[in-house]
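Subject: Structure handover

Hello,

Here is the structure I promised to pass on. Please open it first, then read my notes below.

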Amino acid sequence: MAKAAWVTGGASGIGAAVARRLSEQGYRVLVTDVDVTGGERVAAEIGGFFQRVDVREPGDSLAAVEAATHEFGGLDLAFLNAGVATGFGLEEGFSPEAYRRVMSINLDGVVYGAHAAIPALKARGGGDIVATASLAGLTATPFDPIYGANKAAVVGLVRALGPLYANENIRVNALCPSFAETAIITNVRDALLGAGVPLLDVSDVVAAFDSILAGSGTGEAWFVQVGRASEPFAFRNVPGPRTPAGDKAPSADASVQANLGEA
Ligand SMILES: NC(=O)c1ccc[n+]([C@@H]2O[C@H](COP(=O)([O-])OP(=O)(O)OC[C@H]3O[C@@H](n4cnc5c(N)ncnc54)[C@H](O)[C@@H]3O)[C@@H](O)[C@H]2O)c1
């Protein structure tokens with residue numbers, strides 16, 4: 001039976017390119033987006049099907065998984081990719097309104113999508129969740145604090161869900177591109193190029209997505225950077241606890257100790 005994939009934000013940019021790639025690889029693809037015209041076009045092009053999903057609505061994600069299960073007999077992969085930019089510049093970008101609007105798409109959307117997909121992936125005996133975070137989730141982003149905050153949260157979520165669902169054969173990883181040639185950077189494209197910032201081609205991001213799927217790791221955040229092969233970002237472990245005397249703090253449980261940090 002052909003594998004089945006669900007793509008959010010599949011009407012354009014990275015989501016559309018990954019939907020095309022998955023279709024080439026033999027997946028049956030459910031394309032979802034709030035952009036109905038664009039989403040229907042991509043779905044028709046790849047012989048998939050489209051459903052309108054606003055990732056801010058948990059019920060929309062549940063309905064998408066139900067539709068994929070009904071149409072394809074199950075779900076093997078969820079690409080939780082829908083996202084928006086905050087609006088660059090502190091004045092417009094750092095406000096309670098911008099915070100709620102962008103967190104609800106870039107973070108809530110991934111939480112609701114993963115929550116909806118996990119039971120279907122479990123029912124299939126395992127599968128993949130790939131969430132599109134950003135390089136902004138791995139570095140400081142003074143140019144857009146709210147975007148940096150929600151992308152860092154997506155990285156944190158993936159790092160937690162990966163080990164949590166490893167025993168169910170569900171891999172959960174994050175795709176973390178630098179600036180890429182899509183509609184999301186329209187307002188800043190000239191400024192970026194003027195400042196000499198090289199832009200990724202969407203095909204570079206798709207290649208990184210392929211590498212994630214071909215890998216075996218989970219809970220990883222793969223950077224995608226111009227001119228470099230993508231790989232999981234190497235996080236430094238936090239320092240572990242010490243007793244007042246400076247000894248290593250004893251821990252009854254090795255797995256708890258590992259999460260507390262390095263000795
Ligand atoms: N292009 C970049 O420079 C870049 C870099 C790093 C990360 N990203 C991330 O990549 C992802 C895809 O963005 P892109 O670059 O392809 O841009 P894009 O604008 O081409 O695609 C984003 C898609 O998300 C959809 N979307 C927006 N709000 C939605 C909602 N509430 N529910 C469902 N769909 C919604 C849009 O309609 C659009 O089709 C985003 O999460 C973005 O943050 C992009």
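In which sense do strand β5 and strand β6 pair, and over how many bridges? Residues 127-132 and 170-177 form these two strands, and the pairing is parallel, over 6 bridges. Within it, Thr-132 has Leu-175 of β6 as its bridge partner. Helix α7, residues 145-165, packs on the sheet here and touches β5, β6 and β7. The direction of α7 makes about 160° with that of β6. Please keep in mind that this is a predicted model.

**The sheet**

The sheet is open and has 8 strands. Their order is β3-β2-β1-β4-β5-β6-β7-β8, and the pairing is mixed. β3 (49-52) and β8 (231-232) stand at the edges. Each has a single partner strand, so one side of each is left without a neighbour in the sheet.

β1 and β2 run parallel, joined by 5 bridges. One of the pairs is Ala-4 with Arg-28 in β2. β1 is mostly covered, with 5 of its 5 residues buried. Side chains in a regular strand alternate between the two faces of the sheet. In β1, Ala-4, Trp-6 and Thr-8 point one way, while Ala-5 and Val-7 point the other way. All of these are buried.

Helix α3 (residues 58-72) lies across β1, β2 and β3. Its angle to β2 is about 155°.

At the other end of the strand order, look at β7 (221-224). β6 and β7 pair in the parallel sense over 4 bridges. Cys-176 has Phe-223 in β7 as its bridge partner. β7 and β8 then pair in the antiparallel sense, over 2 bridges. There, Phe-223 stands opposite Glu-231 in β8. The hairpin of β7 and β8 has 6 residues between the strands. Gly-227 in this hairpin takes a positive phi near 80°.

**The core**

The largest nonpolar core has 69 residues. Trp-6, Ala-117, Ala-174 and Leu-175 touch the most other members. Helix α7 gives the largest share of this core, 9 residues.

Which residues does Ala-117 touch, beyond those up to four places away in sequence? They are Trp-6, Val-65, Leu-75, Ala-78 and Ile-129. Trp-6 is one of the β1 residues listed above.

**The ligand**

There are 28 residues around the ligand. Gly-9, Gly-13, Ala-82, Gly-83 and Thr-182 come nearest. Helix α1 (residues 13-24) gives the most to this shell, with 3 residues. By class, the shell has 14 nonpolar, 10 polar and 4 charged residues.

Gly-109 is in helix α6, residues 108-123. Gly-109 and Leu-200 are 91 residues apart along the chain, and their C-alpha atoms are separated by 24 Å.

Phe-50 is in strand β3. Phe-50 counts as buried because it has 23 C-beta neighbours inside 10 Å. Its contacts, leaving aside neighbours within four places in sequence, are Val-31, Gly-39, Glu-40 and Ala-43. Phe-50 and Gly-10 are 40 residues apart along the chain, with 9.1 Å between their C-alpha atoms.

Asn-169 lies in the loop between α7 and β6. Asn-169 is not a glycine, yet it has a positive phi of about 60°. With 14 other C-beta atoms within 10 Å, Asn-169 is partly exposed.

Best wishes

Definitions and conventions:
Residues numbered from 1 in each chain as written. Predicted model: local features only at pLDDT ≥ 70, side-chain atom pairs only at ≥ 80, totals over all residues. Near = placed C-beta within 6 Å. Nonpolar A, V, L, I, M, F, W, Y, C, P; charged D, E, K, R; others polar. Pairing = 2+ DSSP bridges. Contact = placed C-beta atoms within 7 Å. Axes fitted to C-alpha atoms, helices over the stretch in contact; angles between N-to-C directions. Core = buried A, V, L, I, M, F, W, Y, C linked by C-beta atoms within 7 Å. Buried ≥ 20, exposed ≤ 12 C-beta atoms within 10 Å, placed from the backbone.
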